[in-house]
Amino acid sequence: MKDKNTIIGIVILAVLFFVFFWYTNKQQQAYLTNQKHIQDSLRIDSINKITPEQKAALKLDSLHADSIGKTNAAGNFAKAASIPEQLVTVENNLIKAVFTTKGGAVKYIELKQYNSQTGGKVVLGESDKGGFSYAINTGANKSASTSEMDFVAEKPVTNADGSQTVQFKLMDSAGAGIIHQYTIKKDSYLIDWNISLAGAQSLITNNTLNFHFVSQLMQVEKSAEYERRMSNVCFSEGNDFDYISSKTEHKFEKPVQWVSAAQQFFNIALIAKDNFKGGEVHWTRSTDTTQVIGLVDATLQMQVPASANINIPMQLYFGPNDYKALQNAAPEMDGIVNLGRDFYAFVRPINKYIIMPVFNFFAGFISVYGWVIALLTIFIRLITSPLVYKSYKSGARMKLLRPELDELRKKFGKDQQGFAMEQMKLFREAGANPLGGCLPLLLQIPIFFALYSFFNSNISLRGQPFLWSDDLSTYDILVQFGSKIFIIGDHISLFALLAVATSFLISIYNMNMTPQDPNNPALKYMPYVYPIFMLLFFNSLPAALTWYYTVSNLITLGIQFVIQNYILDHDKILADMHERRKAPKKVKQKSKWQEQYEKMMEAQKKVQQLKDQQKNKK
């Protein structure tokens, strides 16, 4: 009763903390909203006090100052600083590439085969805070970024292989200048970017080109908050894949092959065929409630030949985090697909050589991905079934030993050390393994981590409906709340509820099938408390993962029922245990672990005896 009351108290305390944090968070949000409203009102009021004539004058002054600044910075290219912006569009089967004469660069890329959860097609690089540029010398003691220069566009040309080429030129009166040539292949997300510098020695200093890669990542998935957690900066440094996620910056100490601004399912990458010699990258993850995911800001240096005319081969990738596409784009670029990193790096081989090939095999002849996941689950359970059977057999032995264990508890009473020694002896004689029943649970840990990475990064699941879910790559919604609730979020997932419910059934079943320790009555309440914490974790996970967990749990229940009732012969197991105990005991050399454990038990037993003697003397 005392343990029961303690648990009830803990639960009530947890509920009180939940209510307190939820109410505090709500009050804080209301206060911040009110303060923002006040600041906006003051700003609007300040603007409204300005007359229309004053507003027009201020705008003209601003534009005039900007124009003068651009003209001064442009130096020898001043004539090109006032050309109106023009857009050039080139398409293939996969992308619609829109280029701009401002900087002679990519303005944005539309991915034809992918829809954004926020509406329309997925568009990458659309934000004004983004692009690829580098600095050039524009005159004596003058320099400017190519993003500030206005190039002249030529008409796109279709090549014999079906690819298309478009060029942008920036030339001064002396013949020095830049040509940006972009080639879009027929069925590719890669864009070849060739930079030609004429009169390079006057355009750059110390034969070094300083590139600037900026990308503001915008929301394209259902949950901006979850997409932020899945987004990061990836790169290849010294021909080794690496990334930053929780950090905010990284300085490159080795040659850099490529840098990518990677979201959950899409990325923008700058690839240098001749490598960057160094640089640094800054990663700022957005913390507001807008559709901005984060900002990548990279500066990269490239050493170029000391020549008057230079060609610099580069590539740009605007596309999905598709394993095959990235594998063909650049070395180590398939690492952008998170199949296991850092602490979970041990699951990457499982995903790469088992999970992914099996999944792709089933997906080759089944179009509904929910059933592909179900077949994948069955495959995994078949592979692990021998160990599962062994654990159930061990559990059956433990169940048959329950009466003898109860007798030992009565015999030793409070002497836990003595009970532990006799219990180990009993297990050894009967051939029972108390940890045998833990094998299925331990086996689930690497599998769960592998599938967590796989389903979170598998773009083939994106937009795939199944049953009541519209998209297996994100959570399904049974109940949508008007606002976020502390920890739970703004919804309840039905697949998550099913995963929790089936886990609860397994826990109840196992409690009835295996002996419980009466000295720890709190364990019997765990099946009721555990699902609550499990729901909080599962609620925002992809429906693919919670569906896998549900199917896996149903298979587990079926396997347990069949093995316990139709495969395991308890009479035969009991007879085998008796035979083991009657058989002459072979003298086996104890392991060091057994020797140390027995010494520890003996030492604890002596300490307890001394304490009991002292109590009796008092």
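**View 1. Ser 493 lies in the loop between strand S22 (489-492) and helix H11 (494-513).** Helices (H or I, at least four residues) and strands (E, at least two) are DSSP runs, numbered from the N terminus. The model is predicted: local features need pLDDT of at least 70, side-chain atom pairs count only at pLDDT 80 or more, and totals for chains, interfaces and linings use all residues. Residues are numbered from 1 along each chain as its sequence is written, and side-chain values use heavy atoms, with hydrogens and water left out. Ser 493 has a relative accessible area of 0% and is therefore buried; buried means under 20% relative accessible area, exposed over 50%, and partly exposed in between (1.4 Å probe, protein chains only). The backbone nitrogen of Ala 496 is reached by the side chain of Ser 493 at 3.2 Å. Leaving aside residues up to four places away in sequence, Ser 493 touches Asp 476, Leu 478 and Asn 539, where contact means heavy atoms within 4.5 Å.

**View 2. His 491 belongs to strand S22.** His 491 counts as buried because its relative accessibility is 1%. Residues up to four places away in sequence not being counted, His 491 touches Tyr 475, Asp 476, Ile 477, Val 479, Gln 480, Phe 481, Asn 539 and Ser 540.

**View 3. Helix H6 (residues 348-363) has a kink of about 35 degrees at Ile 355.** The bend at a residue is the angle between axes fitted to the seven residues ending there and the seven starting there. The kink lies shortly before the proline Pro 357. Buried residues in H6 are Arg 348, Asn 351, Ile 355, Met 356, Val 358, Phe 359 and Phe 362.

**View 4. The structure holds 35 aromatic pairs.** Rings of Phe, Tyr and Trp (its six-membered ring) pair if their centres lie within 6.5 Å; planes under 30 degrees apart count as stacked, over 60 as edge-to-face and the rest as tilted. The pair of Trp 371 and Phe 466 is edge-to-face, because the ring centres are 5.0 Å apart and the planes stand at 90 degrees. This pair links distant parts of the chain, 95 residues apart: Trp 371 is in helix H7 (residues 369-400), and Phe 466 is in the loop between helix H10 (439-457) and strand S21 (479-485). Trp 371 is partly exposed at 44% relative accessibility, whereas Phe 466 is buried at 3%. The rings of Phe 495 and Trp 547 form a tilted pair, with centres 5.7 Å apart and planes at 55 degrees. Phe 495 in helix H11 and Trp 547 in helix H13 (residues 543-567) are 52 residues apart. Phe 495 is buried, with a relative accessible area of 0%, and Trp 547 counts as buried at 10% relative accessibility.

**View 5. Strand S17 (residues 266-276) pairs with strands S16 and S20.** Two strands pair if DSSP finds at least two bridges between them. S17 is largely enclosed by the rest of the structure, because eight of its eleven residues are buried. Strand S16 (residues 256-262) runs antiparallel to S17 and is joined to it by six bridges. Three residues separate S16 and S17, which form a hairpin. Leu 270 in S17 stands opposite Val 259. Strand S20 (residues 309-320) also pairs with S17 in the antiparallel sense, over seven bridges; Pro 320 in S20 is the bridge partner of Phe 266.

Methods:
Polar contact = N/O pair within 3.5 Å; in protein donor to acceptor, adjacent residues only side chain to side chain.
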